[in-house]
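Please consider the structure shown below together with its sequence. The explanation that follows is intended to be read alongside both.

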Amino acid sequence: MNFLNQLAKEGGISEAATNFLADKITGSHGSGDDAVSSNPSALPGYQSHSPQITGKRRALFIGINYVGTKAELKGCINDVKNVHAFVTKQPYQEILVLTDDQQDPSKIPTRANILNAFRWLVNGAQPGDAFFLHYSGHGAYQQDPQGDEVDGSDETIVPLDYESAGMIVDDEMHQILVGNLPAGSCFTAIFDCCHSGSVVDLPYTYRLDGNLEVVVIDNKKAAVKMGLKAGLNYLRGDKQAALNAAKEAFGMYMKKPGHGDAVDRTRKANTTQAFVVQFSGCLDSQTSADAQIQGSASGALSWAMMSVLNQNPHIPYIKLLKEVRELLHGKYSQIPQISTGFPISLDIPFNI
C-alpha cells in the first residue's frame with residue numbers, strides 16, 4: 001500500500017491513518033463486497049417504520065450569512081425562512097431561530113449560542129417526541145488534535161465567531177444531538193453546507209448511484225472499496241482523484257487508528273436508539289452551492305427539499321431523495337444523501 005503512504009505525504013493525511021486503512025484493505029478478504037446494498041432489510045438493526053409522534057415537537061433553525069466577512073454567503077437566512085414556513089405547518093410547540101441578522105445577542109449564531117441551542121433542542125427528550133434541526137451556513141473540516149479521526153480531520157460547521165471561538169466538530173454534534181436520545185423519539189436534521197455527508201457521524205448512508213437507484217452504504221465496509229478505488233486511480237496517474245477517494249475512505253472509518261476492533265466499536269457507539277435521519281447537501285469531499293435560484297439567493301439543498309416537500313409533505317424518503325437529486329442533477333455537482341442511526345426502510349413516509 002505504498003500509494004497510500006505517498007498520498008498521505010502529498011495530501012496531509014496522517015501516517016497512522018494510512019497504515020490503519022492499508023491493514024483493513026489487505027485483511028478484508030473481500031469484506032467490501034456487501035458494502036453497497038439495495039436491501040437494507042438484510043442489515044442488523046433494520047426498522048421498517050418510524051415511531052409514532054405523540055409527545056412534544058421542538059425545532060431549531062440556524063442560518064448564517066457571515067455578512068461583512070470574507071466568508072459572506074447570500075442565501076442562508078432565506079433558507080431558514082423557507083424551511084421554517086414548511087416545518088411550522090406541523091404542530092411544533094417550541095421553536096428557536098438563530099440568524100446573524102437579529103438584534104438579540106442570544107439569537108446570534110455564535111459557537112456558544114449554537115451549542116446552547118443544541119442542548120435546548122433535545123433537553124428532556126422522551127419516547128414519542130420529535131426534534132427538527134435545519135442548518136444553513138458554511139461547513140468545513142479541521143485537523144483532528146486528538147488523533148482519533150482516521151482521516152486526520154473532523155467535519156465541522158462554522159459559527160459566526162469561528163475565527164475567535166473555533167468551529168463545532170462532528171463528534172460534539174453527535175454526542176449532544178443524538179447520542180442520548182431515547183428509543184421511540186425522532187430526530188430529523190437538514191445540513192445545507194459543504195462537507196456535510198458525515199457531519200453528525202451516523203453509521204449508515206443512503207445515496208443514489210448513476211442510474212438513480214437508492215443504495216444503502218455500510219460506511220465501514222465501503223471504506224475498503226474506496227481505498228481500493230484510490231489505488232486504481234493512483235496507478236492510472238490521476239493523483240487528485242486518488243487523494244479524494246483516499247480521504248473519503250478515511251472519513252468512512254473515522255476513529256481510533258491502531259486499535260484492532262476500533263471499527264466495530266465506532267459503529268456500535270454511533271448507532272442510535274432514536275429514529276435519526278440526517279439530510280446532507282453533499283458528500284464529505286464536496287461543496288454545497290449557495291446560488292441564485294428562481295431570482296432568490298438559496299442553498300441548493302434547502303431549495304430542492306422545499307420544492308419537493310411543499311408539493312408532497314409526506315413523500316416516502318426514497319422518492320424524496322430521488323426527486324431532490326433530479327432537481328440538482330445537471331445544475332450542481334453535489335450529491336445529496338441521507339444518513340441514519342440504524343438501517344431503515346426508505347419507503348417510510350417523511351414525517352416530522
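The paragraphs below proceed from the conventions to a central strand, then to the nonpolar cores, the salt bridges and some individual residues.

The model is predicted, and local features therefore need pLDDT of at least 70, side-chain atom pairs count only at pLDDT 80 or more, and totals for chains, interfaces and linings use all residues. Residues are numbered from 1 along each chain as its sequence is written, and side-chain values use heavy atoms, with hydrogens and water left out.

Helices (H or I, at least four residues) and strands (E, at least two) are DSSP runs, numbered from the N terminus.

Strand 2 has pairing partners, two strands being paired if DSSP finds at least two bridges between them. Strand 2 and strand 4 (residues 130-136) pair in the parallel sense over seven bridges, and R57 has A130 as its bridge partner in strand 4. Strand 3 (residues 94-99) also runs parallel to strand 2, to which six bridges join it; here the bridge partner of R58 is E94. Strand 2, helix 3 (residues 76-87) and strand 3 make a right-handed β-α-β unit. A crossover is right-handed if, with the strands pointing away from the viewer, the path from the first strand over the helix to the second runs clockwise.

The next topic is the nonpolar interior. A nonpolar core is a set of buried Ala, Val, Leu, Ile, Met, Phe, Trp, Tyr and Cys residues joined through side-chain atoms within 4.5 Å. The largest such core has 40 residues, and those with the most contacts inside it are V87, F132, F279, M305, Y317 and L320. The elements that give two or more residues to this core are strand 2, helix 3, strand 4, strand 8 (186-192), strand 9 (204-208), strand 11 (275-280), helix 10 (300-309) and helix 11 (317-328). Helix 10 provides the largest share of this core, eight residues. Apart from this core lies another, of 38 residues, among them L133, Y135, I157 and F187. Returning to V87, this residue touches A59, F61, Y92, F132 and I352, not counting residues up to four places away in sequence; contact means heavy atoms within 4.5 Å.

The structure holds five salt bridges, a salt bridge being a side-chain nitrogen of Lys or Arg within 4 Å of a carboxyl oxygen of Asp or Glu. In one of them, the side chains of D129 and K56 meet at 2.6 Å, N to O. D129 lies in the loop between helix 4 (111-122) and strand 4, and K56 in the loop between strand 1 (36-37) and strand 2, so the pair ties together parts that are 73 residues apart in sequence. D129 counts as buried, at 3% relative accessibility.

The side chains of R58 and E94 also meet in a salt bridge (3.4 Å, N to O). Because R58 lies in strand 2 and E94 in strand 3, this pair ties together parts that are 36 residues apart in sequence. R58 counts as buried at 7% relative accessibility, whereas E94 counts as partly exposed at 28%. A further salt bridge joins E72 and K74, with the closest N and O atoms 3.4 Å apart. E72 is partly exposed, with a relative accessible area of 35%, and K74 counts as exposed at 53%.

Two individual residues complete the account. P159 is found in the loop between strand 6 (153-157) and helix 5 (162-165), and counts as buried at 0% relative accessibility. The residues that P159 touches include I64, Y66, P109, T110 and R111, not counting residues up to four places away in sequence. N270, in helix 9 (residues 262-270), is buried with a relative accessible area of 5%. A polar atom of the N270 side chain lies 3.1 Å from the backbone oxygen of D201.

How values were computed:
Buried < 20%, exposed > 50% of the residue type's maximum accessible area, 1.4 Å probe, protein only. Polar contact = N/O pair within 3.5 Å; in protein donor to acceptor, adjacent residues only side chain to side chain.
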